[in-house]
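Subject: Structure handover

Dear colleague,

I am passing the structure below on to you, together with an account of what was found in it. Please read the notes with the model open beside them.

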Amino acid sequence: LRSELGNVERLSLVGQMAASITHEIRNPMAVVRGFLQLMKEKSPESLDHYYRIVMEELDRANGIINDFLSLAQNRISEKEQWHLHQIINDLSPLLWADANLRGQTIELMLDERVPKLNLNAKEIKQLLLNLARNGMEAMEEKGKLILQTCLVEKEQIVELIVMDTGAGMSKSRQERLFEPFFTTKAKGTGLGLALCLSIVERHGGKIKVESEEGQGTTFIIQLPLADS
Ligand code: ADP
Ligand code: MG
């Protein structure tokens with residue numbers, strides 16, 4: 001997207017983003033403020049509930065700021081030789097906790113042949129977390145999320161596949177997925193996939209989506225093997 005836009009368009013895009021972000025951040029802040037007011041007035045028994053909402057909304061505001069900053073900075077990322085599987089394993093407890101709360105399961109199908117890759121571990125975690133969360137959010141209870149890796153030798157790439165058995169998407173929705181602020185969720189920001197795309201591009205990779213309404217969605221990330 002960046003390379004296709006001239007300065008004027010880019011500035012107006014930043015302006016639009018600023019307006020959207022301001023709106024998105026004000027929402028959780030207003031909720032927090034309202035609940036703090038209630039906490040002052042209410043009996044102690046009801047405080048747990050308010051406390052939980054306040055924390056959730058603060059985390060949400062924080063998440064929006066983090067995603068927006070990573071997207072806006074879009075700088076060249078520092079990379080090191082990393083085992084993709086180590087990054088996945090580090091993230092597993094967090095993903096499982098999330099899945100358990102929803103009554104869902106996660107299956108890992110890791111190709112042992114996958115070698116170390118030139119990665120920014122923090123960004124790859126962010127990528128995986130965003131894709132996995134989207135998958136879980138698209139599924140009902142009992143849904144299954146599959147994380148798969150696969151070395152494709154003849155193309156000199158590693159594929160990272162995140163597959164869900166959720167609601168799926170129409171073609172028109174698939175076309176807009178990666179636009180910043182495109183969301184169909186009441187509390188969505190629409191920044192997750194825009195960030196994923198930018199992370200994959202920073203790694204010289206590609207991201208593809210296959211989806212069928214009512215069947216589920218598969219995201220395929222192709223990462224180049226480290227230069228020999
Ligand atoms: P958000 O999750 O905040 O809505 P994203 O950029 O992560 O923003 O996703 C944008 C939109 O793409 C979502 O609102 C949803 O409509 C759609 N989407 C993303 N991932 C999936 C998925 N796995 N299954 C179905 N729809 C999805
Ligand atoms: Mg998301």
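The expected span of a helix is taken as 1.5 Å times one less than its number of residues. With that in mind, and remembering that this is a predicted model, one can look at helix α4, which runs over residues 121-138 and has 18 residues; the helix reaches 26 Å from its first C-alpha to its last, close to the 26 Å expected at 1.5 Å a residue.

Several residues of α4 are buried, namely E123, I124, L127, L128, N130, L131, A132, N134 and G135. The elements that cover the buried residues of α4 include the helices α3 (84-102) and α6 (192-202), along with the strands β3 (117-119), β4 (144-152), β5 (157-164) and β7 (216-224).

In general, nonpolar side chains in soluble globular proteins tend to be buried together. As for L127 itself, once its neighbours within four places in sequence are left aside, this residue is in contact with C196, I199 and V200.

Turning to the sheet, 5 strands form an open arrangement in the order β2-β4-β5-β7-β6, and the pairing is mixed. Its edge strands are β2 (105-109) and β6 (206-212), each of which pairs on one side only. Neighbouring strands are turned against each other by 15° on average, if direction is ignored. Within the sheet, β4 and β5 pair in the antiparallel sense over 8 bridges, and the bridge partner of L145 is D164, which lies in β5. Helix α3 packs on this sheet, where α3 touches β2, β4 and β5, and the direction of α3 makes about 165° with that of β2.

One residue of α3 deserves a separate remark: is N89 buried or exposed? N89 is found in helix α3, and it counts as exposed because 12 other C-beta atoms lie within 10 Å, the cut-off for an exposed residue being 12 or fewer. The C-alpha atoms of N89 and K142, which are 53 residues apart along the chain, are separated by 22 Å.

Methods. Residues numbered from 1 in each chain as written. Chains lettered and ligands numbered in written order. Predicted model: local features only at pLDDT ≥ 70, side-chain atom pairs only at ≥ 80, totals over all residues. Helix = DSSP H or I, 4+ residues; strand = E, 2+ residues; numbered from the N terminus. Buried ≥ 20, exposed ≤ 12 C-beta atoms within 10 Å, placed from the backbone. Contact = placed C-beta atoms within 7 Å. Pairing = 2+ DSSP bridges. Axes fitted to C-alpha atoms, helices over the stretch in contact; angles between N-to-C directions.
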